[in-house]
2 protein chains.
Amino acid sequence: MTATFQRLWQEIAPIGRDSKGGYSRYALSAPELVLRDWFRNQAARRSMNVTEDGNGNLFAWWGTPWGHHAVITGSHFDSVPHGGGYDGPLGIVSAFLAVDLLRERGITPAKPIGIAAFVEEEGGRFGVPCLGSRLLTGAITPEKAAQLCDADGITFAEALGAPPAGALPDLVTRMSAVVELHIEQGRALDDLGASVGVASAIWPHGRWRMDFTGAGDHAGTTRMADRQDPMLTFAYTVLAANKEARLAGAHATIARVLVEPNATNAIPSLVRGWLDARAEDTATLDRLVEAVVKRAHERASRDGTTLAVEPESSSPEVAFDHALRERLAGILGGAPILPTGAGHDAGVLSAHVPTAMLFVRNPTGVSHSPAEHAPDEDCTAGVRALADVLETLA
Amino acid sequence: MTATFQRLWQEIAPIGRDSKGGYSRYALSAPELVLRDWFRNQAARRSMNVTEDGNGNLFAWWGTPWGHHAVITGSHFDSVPHGGGYDGPLGIVSAFLAVDLLRERGITPAKPIGIAAFVEEEGGRFGVPCLGSRLLTGAITPEKAAQLCDADGITFAEALGAPPAGALPDLVTRMSAVVELHIEQGRALDDLGASVGVASAIWPHGRWRMDFTGAGDHAGTTRMADRQDPMLTFAYTVLAANKEARLAGAHATIARVLVEPNATNAIPSLVRGWLDARAEDTATLDRLVEAVVKRAHERASRDGTTLAVEPESSSPEVAFDHALRERLAGILGGAPILPTGAGHDAGVLSAHVPTAMLFVRNPTGVSHSPAEHAPDEDCTAGVRALADVLETLA
């Protein structure tokens with residue numbers, strides 16, 4: 001069984017991997033398109049029909065496509081830049097192997113099982129995470145999604161080849177349950193000595209784009225007193241976000257930045273930073289972001305710069321379906337139940353369908369980095385757990 | 001005469017200009033190659049032979065190419081990203097028009113006049129400013145220059161099409177004088193009500209690459225206390241550089257940054273910043289950089305990150321030839337004499353040849369930005385001044 005996992009995993013391991021072992025599999029980019037072809041081939045090998053929902057999400061079906069009471073599993077192929085290889089693809093590979101295992105067991109599910117490959121889960125290309133599941137459920141309008149641009153100015157609609165279809169409530173109501181398997185993004189399972197766990201909740205979180213605008217000028221000839229340097233305001237805000245998050249017992253990160261013109265000898269005219277903030281409840285999150293923005297504005301008035309803040313995405317707290325998670329933990333012989341700070345397509349779908357997540361142990365605890373790793377034995381345990389869950393649900 | 005300037009200026013105005021009016025004319029990139037063709041055409045129209053020195057620098061000759069006692073003028077075509085259109089090209093356009101004016105006056109110069117287009121003056125593509133004049137004079141080895149990379153991993157040797165030739169002392173000794181005309185990068189001439197000024201000195205300056213290394217991880221799931229976030233160390237260093245420069249009466253700027261992976265939800269593994277520092281004397285500059293680096297290291301140990309500092313370029317103080325600058329000010333009827341914080345190819349050449357610079361008024365005082373501007377009348381005054389100077393020197 002471990003050898004089976006290894007064989008399938010090796011098929012996708014080289015796709016989109018750089019020389020340092022990091023993965024850059026942006027949504028609808030060349031490596032992700034290769035993975036989508038691989039997805040279609042895997043489905044064909046298993047005589048599963050593939051449907052596309054007009055939003056970039058693929059579904060491979062065991063049973064009637066979009067039949068009633070469908071049980072959805074799967075995850076996403078796309079990665080953050082130079083990320084790990086497990087975040088996303090492990091859920092898809094495990095789903096195909098779980099289907100194989102159920103067939104070996106001689107199971108014929110009463111409900112259709114759909115393996116999903118959601119598009120742009122990371123928001124690494126178009127800026128909005130879980131874009132595919134948000135479109136499908138109506139959490140973002142197709143008009144807004146169509147116009148999202150990547151770093152080269154290509155819109156989501158252009159990358160997709162057509163304007164996205166938007167919300168498909170008829171399809172969402174045909175789902176009876178969603179179970180996403182995912183590598184754990186922390187060390188909790190390793191501390192507990194468990195291969196597989198069940199998710200309890202996702203912290204509320206969001207992204208805010210912060211545009212710090214100043215006056216572009218020559219770094220060599222402009223007196224310090226004459227400058228309106230937005231890099232100073234940005235730098236102060238980075239430190240303020242860190243401090244406010246520590247005070248609030250929450251998470252705040254500014255990890256992405258764009259500078260214009262980004263030349264060594266030119267004071268920037270614009271520094272754009274993205275604030276990622278998360279907290280255990282919405283009130284704490286709101287207070288945190290408010291405090292960071294207030295301090296950034298104060299510093300801007302000192303630097304002679306201006307600041308515009310634009311919320312790019314916002315995800316309320318997700319408490320996964322209580323009955324479903326208890327049922328899964330029971331099926332899995334009392335698997336641990338854990339919260340997470342990371343967003344997922346399952347979190348978006350949980351507003352509409354009873355939804356659960358399975359986590360597979362990641363001993364490094366590292367995520368969004370090539371250091372992310374799940375041992376083959378734990379991945380195999382994950383496949384078995386997912387098969388057990390699907391057998392019961394479908 | 002102003003109409004003549006306008007006509008020639010309009011020929012190059014659209015080349016490499018973006019929709020916001022900024023110029024991105026990187027060395028040996030498509031727009032700069034168009035400008036180099038334009039240079040060859042201008043030379044041909046004037047029956048001037050063009051030589052290339054194997055380092056990417058072009059010279060258009062009135063008189064014997066590389067004849068003895070040559071008088072060199074001209075400047076550079078390349079710009080910073082989204083910079084102004086005058087910084088560099090004004091010196092080349094003015095040189096061709098000065099040749100026209102001398103011919104109208106019926107002058108036949110006793111010495112060869114060479115109009116130079118130096119390559120990569122800004123360091124905007126390969127990171128080392130004045131790369132062409134440094135190669136020509138031996139201030140950088142051809143081996144080191146050959147390996148400099150642009151953002152796409154293309155080396156200077158690849159862009160040039162061959163390994164650079166390196167130092168050519170035989171040619172440098174044939175220069176009797178260098179006069180570079182340049183738009184002023186401050187408001188001093190405007191304050192004095194003068195169209196044209198003469199340079200006294202260039203502040204010593206340099207660039208230091210600072211690599212802040214931490215541990216890449218997930219921004220949502222990694223506890224604040226567990227982070228080794230190099231963005232924090234970078235941000236602190238930006239503020240420290242600003243403060244130390246103010247205390248020293250000097251200039252320090254961190255205006256260029258590269259983040260890996262630069263994703264909203266991934267704590268960076270690397271933040272690379274470039275420090276640009278300048279001061280009126282070398283001792284002050286050394287103390288300033290030492291203070292910034294010391295504070296950055298202190299903060300790194302607090303953040304659990306590491307810092308590596310690599311000097312990328314260093315330019316000692318340049319005091320332009322005293323006799324030549326007094327002579328020029330005299331020729332120009334007592335033009336004002338000004339220092340500058342900006343580096344120039346003339347600064348590199350001044351270590352080998354009596355060298356001077358003419359500045360043309362820039363009422364906005366802004367540089368390295370589309371807001372940089374010299375009125376046509378002042379540009380015309382610059383052409384006349386350059387012609388007067390060349391007439392006397394050649």
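Take a salt bridge to be a side-chain nitrogen of Lys or Arg within 4 Å of a carboxyl oxygen of Asp or Glu. By that rule, the interface of chain A and chain B in this predicted model comes up with zero salt bridges.

As for which parts of chain A are involved, β8 (217–218), α9 (230–248), β9 (251–260), β10 (266–267) and β11 (270–278) each put at least two residues into the side that touches chain B. The top contributor to that side is α9(A), with 10 residues. Sorted by class, the side of chain A facing chain B holds 26 nonpolar, 19 polar and 13 charged residues.

In terms of area, the two chains bury about 4900 Å² between them, with 59% of it on carbon and sulfur atoms. A:Met224, A:Ala255 and A:Thr264 account for 15% of what chain A buries against chain B, more than any other three residues. Counted by contacts, 58 residues of chain A meet 58 residues of chain B.

The whole structure has five cavities of 30 Å³ or more, and the largest cavity holds about 150 Å³. It is lined by 20 residues, and those closest to its centre are A:Asn265, B:Pro129, B:Arg207, B:Arg278 and B:Gly343. On chain B, β7 (205–213) and β11 (270–278) each give at least two residues to this lining; β7(B) has the largest share, with three. The lining splits into three nonpolar, 10 polar and seven charged residues.

Technical notes:
Residues are numbered from 1 along each chain as its sequence is written. Chains are lettered from A and ligands numbered from 1 in the order in which they are written. This is a predicted model: local features need pLDDT of at least 70, side-chain atom pairs count only at pLDDT 80 or more; totals for chains, interfaces and linings use all residues. Side-chain values use heavy atoms; hydrogens and water are left out. Contact means heavy atoms within 4.5 Å. Buried area is the accessible area (1.4 Å probe) that two parts lose on being put together, summed over both. Helices (H or I, at least four residues) and strands (E, at least two) are DSSP runs, numbered from the N terminus. Ala, Val, Leu, Ile, Met, Phe, Trp, Tyr, Cys and Pro count as nonpolar, Asp, Glu, Lys and Arg as charged, and the others, Gly among them, as polar. On a 1 Å grid over the protein atoms alone, a cavity is a set of points where a 1.4 Å probe fits but cannot get out, and a pocket is an open set with protein on both sides within 12 Å along at least five of seven lines; lining residues have an atom within 4 Å of a point. Grid points are joined across faces, edges and corners, and a volume is the space filled by probe spheres set on the points.
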